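Please keep the structure open while going through them.

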Amino acid sequence: MKQFIANLSYRERVLLAGGAGAALLILLFLVAWHPFSRHVERLGENVTAQRELRAWMQQAGAEVKRLRNGAPARRGAGQSLLAAADSTARQNGLAAAMKRVEPDGADKVRIRLEQAGFDDMTRWLELLAREHGVRIESITIDGRSQSGTVDARLTLQAGSP
């Protein structure tokens with residue numbers, strides 16, 4: 001190798017040294033600098049994503065606090081559980097399906113529905129929970145041969161105001 005370089009002219013040696021230097025710089029860039037700069041870029045993207053997530057979480061946390069502190073007043077205040085269940089069932093198209101509504105103590109009602117629309121029943125139960133604070137203590141649902149209809153036996157309990 002030494003003899004090969006010694007046989008080259010001065011210009012050729014300078015050109016060879018410059019090419020070797022350029023190749024070394026390219027190799028350093030490809031092996032060290034480029035992966036490092038990509039890693040720094042990915043970290044910057046992660047930081048941006050984490051900041052966006054943090055801002056969203058703070059906003060969601062503030063909304064949760066607002067909803068907890070400012071829970072809407074129950075619209076059915078002063079209305080008995082029996083009356084609330086009956087009137088809201090009628091409003092939700094379940095009047096024909098209600099076969100039995102009977103009190104079970106001071107804060108519970110037992111209800112039997114036959115051939116009730118399942119969607120209507122779930123909307124009704126959600127309305128009772130949201131507006132009247134009613135919770136389902138027990139429920140038994142049996143499907144019917146007619147699609148979308150069910151028989152149900154429910155025990156509803158009045159929630160705390």
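1. The side chain of Glu-131 makes a polar contact with the side chain of Arg-130, at 3.2 Å; a polar contact here is a pair of N or O atoms within 3.5 Å, where within protein one must be able to donate a hydrogen and the other to accept it, and residues adjacent in sequence count only if both atoms are side-chain atoms. Glu-131 sits in helix 4, which covers residues 118–132, and with a relative accessible area of 14% Glu-131 is buried. For this and later points, buried means under 20% relative accessible area, exposed means over 50%, and partly exposed lies in between, with a 1.4 Å probe and protein chains only.

2. The basis of these notes should be kept in mind: this is a predicted model, in which local features need pLDDT of at least 70 and side-chain atom pairs count only at pLDDT 80 or more, while totals for chains, interfaces and linings use all residues. Residues are numbered from 1 along each chain as its sequence is written, and side-chain values use heavy atoms, with hydrogens and water left out.

3. The protein chain contains four helices and four strands, where helices (H or I, at least four residues) and strands (E, at least two) are DSSP runs numbered from the N terminus. In sequence order the pattern of the protein chain is α-α-α-β-β-α-β-β. The radius of gyration of the protein chain is 37 Å, well over the 15 Å that the globule rule gives for 161 residues, so the chain is more spread out than a compact globule; the radius is taken over C-alpha atoms, and the rule is 2.2 Å times the number of residues to the power 0.38. Along its principal axes, the C-alpha trace spans about 110 × 45 × 25 Å.

4. How much of the protein chain counts as buried? Of its 161 residues, 19% do, and the accessible surface of the chain comes to about 12000 Å², of which 57% belongs to carbon and sulfur atoms; these areas come from the Shrake-Rupley method with a 1.4 Å probe, and for residues only the protein chains shown count as cover.

5. Helix 2, residues 10–69, holds Asn-46, which is partly exposed with a relative accessible area of 46%. The C-alpha atoms of Asn-46 and Lys-2 are 44 residues apart along the chain and are separated by 51 Å. His-39 is also found in helix 2 and, at 40% relative accessibility, counts as partly exposed; the C-alpha atoms of His-39 and Ala-83, 44 residues apart along the chain, are separated by 66 Å.

6. Ala-97 is placed in the loop between helix 3 (81–91) and strand 1 (98–103), and with a relative accessible area of 5% Ala-97 is buried. Which residues is Ala-97 in contact with, leaving aside its neighbours within four places in sequence? They are Arg-112, Leu-113, Glu-114, Gln-115 and Ala-116, contact meaning heavy atoms within 4.5 Å. The C-alpha atoms of Ala-97 and Gly-148, 51 residues apart along the chain, are separated by 13 Å.

7. Gln-115, one of the contacts of Ala-97, lies in strand 2, residues 108–117, and is partly exposed with a relative accessible area of 49%. The phi of Gln-115 is near 50°, a positive value in a residue other than glycine. As background, most residues other than glycine have a negative phi.

8. Returning to helix 4, Thr-122 is found there and, at 32% relative accessibility, counts as partly exposed. The C-alpha atoms of Thr-122 and Arg-66, 56 residues apart along the chain, are separated by 27 Å.
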